[in-house]
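Open the model in your viewer and keep the selection panel at hand. The stops below run from single residues to the whole chain.

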Amino acid sequence: MAQADHPPNGAAEASVVFDLVLAGDRVLVDGAFAPAEVAVRDGRIARVAAPGAAFRAAHRVRLTDDEVLIPGLVDTHVHVNEPGRTDWEGFETATRAAAAGGVTTIVDMPLNSIPSTTTVAALAVKRARATGRVFVDVGFWGGIVPGNEAELVPLAEAGVFGFKCFLIDSGVPEFPPVTAEAMERAMAVLAGAHPDSLVIVHAEDAAVIDAAPHPHSRDYADFLASRPDAAEATAITAVIEAARRTGARAHILHLSSAASLDAIARARADGVRLTVETCPHYLALTAEEVPAGAAAFKCCPPIRGAANRDALWGALEAGVIDTVVSDHSPAPAAVKFAGEGDFAVAWGGIASLQLGLAVVWTEARRRGIRLERVVEWMSGAPARLVGLAGKGAIAEGADADLAILAPDEAFTVDAAALQHRHPITAYDGRELVGAVRATYLAGREVDGSVARGRLLRAARSEGGPGDVV
């Protein structure tokens, strides 16, 4: 573990300039690891310098030889579920888990909380519940549901980071899906009033899925057949064409199917304002390895085959996929394992907020992909996606959100030891590499005892990104 030393009391204390200095031989600056000293004052990175800068500080941390310093991760796809389903997760447990995994900023999805974040009033309720309970910084997505078009501009101006919609049943009745036509109308409204606002889409087509077989089964192959590649392809085409016609910014959530990669690349080449994310489970897990009845692996869209996984990695390296985020969607055992292993009944969602970095890095390292690229996909790129200019980089003026990582340290996942609310994860018992040894938020180490996280507003609202609500 990194070693900390404190200056003696007296004259040295009186001459302190910085609050914290972290020094190490491998600090990720400008996309590369190099020796550096990082000096923090008032929650921001004040100086980044070569070793030997002799900064004076109240607290100094020297990284050990097996540690690296990286910017805190930015996870823009997290289901906190509070209020309304706090027994599924909650702000305290979710943000503790985030910090334990090196994540210093999350953006909370508008469901599965009750009320859903589809009105300004509902946003106020969610912010009130989060106040004083978050261990990392938290922003909020708004939602697009039938009948709330008049709420979109007020929600944007209240500081949400964009708007999520489903083109298929969301799984919860209070967040119904919209048609492709309604999605396009919402895009047009937002493109006219706030051109940089994001419309983020769960892109599976309801008609394609309705036509697929849906047997009650413990066989994962049966579940996979119920969510075919064509469902994503059809929905993604609808998103592309709506974004093309309206000029709106559109974002494909949790891409699982490689079948749409060519269409995505063509649309972007044509100038469509389209970005795409995928998730750790699509990059690390395969349909072939899912045991019968193992509902911990169920998610929608589904984990697909090994060749599909390889194609997603290729798209990341080629820049066709922009970000990697968790889609942390936990549930209690009674919900997650409903139906005793029947994939048609069990809740679809993978709990991975604390493990995302290790999961992706383990697989990336196996493929010869550098850690610098993983951090970019999980920190810098998602920060830029939502306009958080002070996040995602170790740079002067940035928020002092940092993580100390031992990239070669192996560990075996114990679901019961994770910080999120329920001891359930598809990675239980899996050996990973990449242990987060410390996380700093605004220059202060997150120890899980004092909730110092801030509630963030998007840049289009009064003030700027990172403003406290």
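Contact here means heavy atoms within 4.5 Å. This is a predicted model, in which local features need pLDDT of at least 70 and side-chain atom pairs count only at pLDDT 80 or more, while totals for chains, interfaces and linings use all residues. Residues are numbered from 1 along each chain as its sequence is written, and side-chain values use heavy atoms, with hydrogens and water left out.

Select Ser-329. This residue sits in the loop that runs between strand 15 (323–324) and helix 12 (333–336); helices (H or I, at least four residues) and strands (E, at least two) are DSSP runs, numbered from the N terminus. Now show its contacts, ignoring neighbours within four places in sequence: Ser-329 touches His-79, Asn-112, Trp-347, Gly-348, Gly-349 and Ile-350. Is Ser-329 buried or exposed? Its relative accessible area is 5%, so Ser-329 is buried (buried means under 20% relative accessible area, exposed over 50%, partly exposed in between, with a 1.4 Å probe and protein chains only).

With neighbours within four places in sequence left aside, its contacts are Ala-358, Trp-361, Leu-405, Ala-406, Pro-407, Glu-409 and Phe-411.

Select the cysteines. How many disulfides does the structure hold? It holds zero, a disulfide being a pair of cysteine sulfur atoms within 2.5 Å. The cysteine sulfur closest to that of Cys-165 belongs to Cys-279, and at 16 Å it is too far for a bond. Cys-165 is buried, with 0% relative accessibility. Cys-300 is in no disulfide either; the nearest cysteine sulfur, in Cys-299, is 6.8 Å away.

Finally, select the whole protein chain. Its secondary structure comes to 14 helices and 18 strands. The radius of gyration (taken over C-alpha atoms) is 22 Å, close to the 23 Å from the globule rule for 469 residues, so the chain is as compact as a globular protein of that length. That rule is 2.2 Å times the number of residues to the power 0.38. The C-alpha trace spans about 75 × 45 × 45 Å along its principal axes. Colour by accessibility: buried residues make up 57% of the 469 residues. Of the contacts with a separation of 6 or more, 75% join residues 24 or more positions apart.
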